[in-house]
Amino acid sequence: MNFKLTLLAGAVALGTLGSAAIGDSHDEKALMAAVEARQAVMKLYAFNVGQLAAMAKGEVEYDADAATAAASNLAALSALDQSKLWPPGSDTEALGDKTAALPAIWQADSMAMKHGMDLANASAALAESAGDGLDAMRAAFGEAGKTCNACHKNYRQRRN
């Protein structure tokens, strides 16, 4: 149920972003809609990661159903075709503080696509093991977290 609600919320957010886009021209509006959509996806990632992290750290009691739901949400999000959410010109160099994406993500030697595939694989593995106990969830969550960090390290501007 949580999984369906999260996907529905994501679809609604993505569907309404065009009307919230900033800018004068159609191209500028489309660019900002893409940035806002990818930021919405990242917020959904963060929401679900937060639930798992709280369990992994012992801040909240481990709940197999909640862990499975959050991990399944991450797997579904990482499987989305996000290719239209990353248009050239939607980086910090072009948009300043409206985005944290660094220009390096679009360079020929970018590993961003590989990191995305790694996240999809790690999230699928996490979804499979999240309900198998706290230790299993922690191990798989750690692997998924490494994929997030690998991409953020090279392609996301640090904010203070």
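**Ground rules.** I am working from a predicted model, where local features need pLDDT of at least 70, side-chain atom pairs count only at pLDDT 80 or more, and totals for chains, interfaces and linings use all residues. Residues are numbered from 1 along each chain as its sequence is written, and side-chain values use heavy atoms, with hydrogens and water left out.

**Salt bridges.** How many salt bridges does a search of the whole structure find? I got 3. The term stands for a side-chain nitrogen of Lys or Arg within 4 Å of a carboxyl oxygen of Asp or Glu. As a reminder to myself, side chains of opposite charge can pair when their charged atoms come close.

I looked up D118 and found it bridged to K114, with 2.7 Å between the closest N and O atoms. Both sit in helix α5 (residues 112-129), 4 residues apart, which is about one turn of the helix. For helices I use DSSP runs (H or I, at least four residues), numbered from the N terminus. D118 is partly exposed at 25% relative accessibility, and K114 is partly exposed as well, at 42%. My scale is buried under 20% relative accessible area, exposed over 50%, and partly exposed in between (1.4 Å probe, protein chains only).

Next I turned to helix α6 (residues 134-155), where R138 and D135 lie 3 residues apart, about one turn of the helix. The closest N and O atoms of this salt bridge are 3.9 Å apart. R138 is partly exposed at 35%, whereas D135 is exposed at 61%.

E143 and K146 also lie in α6, 3 residues apart. Their side chains meet in a salt bridge at 3.0 Å, N to O. I noted E143 as partly exposed at 44% and K146 as exposed at 52%.

**α2 against α3.** The axes of helix α2 (residues 26-56) and helix α3 (residues 64-79) come within 9 Å and cross at roughly 150 degrees. That makes the two roughly antiparallel. Axes here are lines fitted to C-alpha atoms, for helices over the stretch in contact, with angles from 0 to 180 degrees between N-to-C directions; over 145 degrees counts as roughly antiparallel. I wrote down the contact residues (heavy atoms within 4.5 Å): L44, Y45, N48, V49, Q51, L52 and M55 of α2 meet A66, A67, A70, A71, N73, L74, L77 and S78 of α3. What kinds of residue make up this contact? They divide into 11 nonpolar, 4 polar and no charged. In that count Ala, Val, Leu, Ile, Met, Phe, Trp, Tyr, Cys and Pro are nonpolar, Asp, Glu, Lys and Arg are charged, and the others, Gly among them, are polar.

**α3 against α5.** I then followed α3 to α5, where the axes come within 8 Å and cross at roughly 155 degrees. This makes α3 roughly antiparallel to α5. T68, A71, S72, L74, A75 and S78 of α3 make the contact with L119, A120, S123, A124, L126 and A127 of α5. I sorted these residues into 8 nonpolar, 4 polar and no charged.

**A104.** Last, I checked A104, found in the loop between α4 (92-95) and α5. A104 is partly exposed, with a relative accessible area of 31%. Leaving aside neighbours within four places in sequence, A104 is in contact with S110, N154 and Y155.

Technical notes. Angles under 35 degrees count as roughly parallel, over 145 as roughly antiparallel, 65 to 115 as roughly perpendicular and the rest as oblique.
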